[in-house]
Amino acid sequence: QVQLVESGGGLVQPGESLRLSCAASAVSGFTLADYTIAWFRQAPGKEREAVSLIRPADGTTMYVDSAKGRFTISRDNAKNTVYLQMNSLKPEDTAVYYCAAPRIPFLVATLTAHDFAYWGQGTQVTVSS
């Protein structure tokens with residue numbers, strides 16, 4: 001069974017940075033490098049929304065407009081981990097952040113939740129002064 005584990009969330013002030021990590025649990029034997037990995041977020045009372053993704057092989061990245069220029073997604077294959085570096089954080093970035101993977105390796109997934117079958121438990125990001 002695939003298990004994704006997010007970490008790195010916390011409470012920061014506006015303008016500060018956080019780096020989120022998404023790792024596959026060792027017992028799952030899941031190689032993140034073979035999958036499109038995406039970050040989604042859900043704020044209280046709002047629908048889940050996509051943030052960014054990184055595809056396998058060529059490492060193509062995609063961002064929603066609100067993340068462009070502030071967030072950077074990357075992967076460290078040796079650590080079997082995907083990161084989301086978030087800079088210049090704003091109060092509206094407050095949400096639970098989830099990483100997700102599709103069921104099929106090397107799927108050219110898009111920024112839509114429908115493409116993703118495996119989800120982590122989420123990590124809370126709070127941006128407040």
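Biologist: Which residues are linked in a network of salt bridges?

Modeller: This is a predicted model, in which local features need pLDDT of at least 70, side-chain atom pairs count only at pLDDT 80 or more, and totals for chains, interfaces and linings use all residues. Residues are numbered from 1 along each chain as its sequence is written, and side-chain values use heavy atoms, with hydrogens and water left out. A salt bridge here is a side-chain nitrogen of Lys or Arg within 4 Å of a carboxyl oxygen of Asp or Glu. By that rule the linked residues are Arg41, Glu49, Arg70 and Asp93.

Biologist: How many salt bridges does the structure hold?

Modeller: One of them pairs glutamate 49 with arginine 41 at 2.6 Å, N to O. Another joins lysine 68 to aspartate 65, with the closest N and O atoms 3.2 Å apart. The total for the structure is 4.

Biologist: Is arginine 41 buried or exposed?

Modeller: Buried means under 20% relative accessible area, exposed means over 50%, and partly exposed is in between, with a 1.4 Å probe and protein chains only. Aspartate 65, in another of the salt bridges, is exposed at 63%. Arginine 41 has a relative accessible area of 6%, which makes it buried.

Biologist: How many residues apart in sequence are the parts that arginine 70 and aspartate 93 tie together?

Modeller: The closest N and O atoms of this salt bridge are 2.7 Å apart. Arginine 70 lies in the loop between E6 and strand E7 (71–76), and aspartate 93 in the loop between E8 and E9, so the pair ties together parts separated in sequence by 23 residues.

Biologist: Which side chain of opposite charge is nearest to arginine 55?

Modeller: Arginine 55 sits in the loop between strand E5 (49–54) and strand E6 (61–63). Leaving out residues up to four places away in sequence, its contacts (heavy atoms within 4.5 Å) include Thr36, Met62, Arg75 and Val108. For charge, Lys and Arg count as positive and Asp and Glu as negative, while His and the chain ends are not counted. Arginine 55 is buried yet has no salt bridge, and the nearest side chain of opposite charge, 6.3 Å away, is aspartate 58.

Biologist: Which cysteines does a disulfide join?

Modeller: A disulfide is called when a pair of cysteine sulfur atoms lies within 2.5 Å. The count by this rule is 1. The S to S distance is 2.1 Å, and the residues joined are cysteine 22 and cysteine 99.

Biologist: In which strands do cysteine 22 and cysteine 99 lie?

Modeller: The torsion about their S-S bond is about 70 degrees, so the disulfide is right-handed. The pair ties together parts that are 77 residues apart in sequence, because cysteine 22 lies in strand E3 (residues 18–24) and cysteine 99 in strand E9 (residues 95–101). Both cysteine 22 and cysteine 99 are buried. The strands are therefore E3 and E9.

Biologist: How many helices and strands are there in the protein?

Modeller: Helices (H or I, at least four residues) and strands (E, at least two) are DSSP runs, numbered from the N terminus. Read along the sequence, the pattern is β-β-β-β-β-β-β-β-β-β-β. The protein has 0 helices and 11 strands.

Biologist: What radius of gyration does the protein have?

Modeller: The radius is taken over C-alpha atoms, and the globule rule is 2.2 Å times the number of residues to the power 0.38. With 129 residues, a compact globule would come near 14 Å, and the value for the protein agrees. The C-alpha trace spans about 40 × 30 × 30 Å along its principal axes. The radius of gyration is 14 Å.

Biologist: What is the phi of phenylalanine 106?

Modeller: Phenylalanine 106 is in the loop between E9 and strand E10 (118–119). With a relative accessible area of 47%, phenylalanine 106 is partly exposed. Serine 88, which is not a glycine, has a positive phi of about 50 degrees. Phenylalanine 106 is not a glycine either, and its phi is positive, at about 60 degrees.
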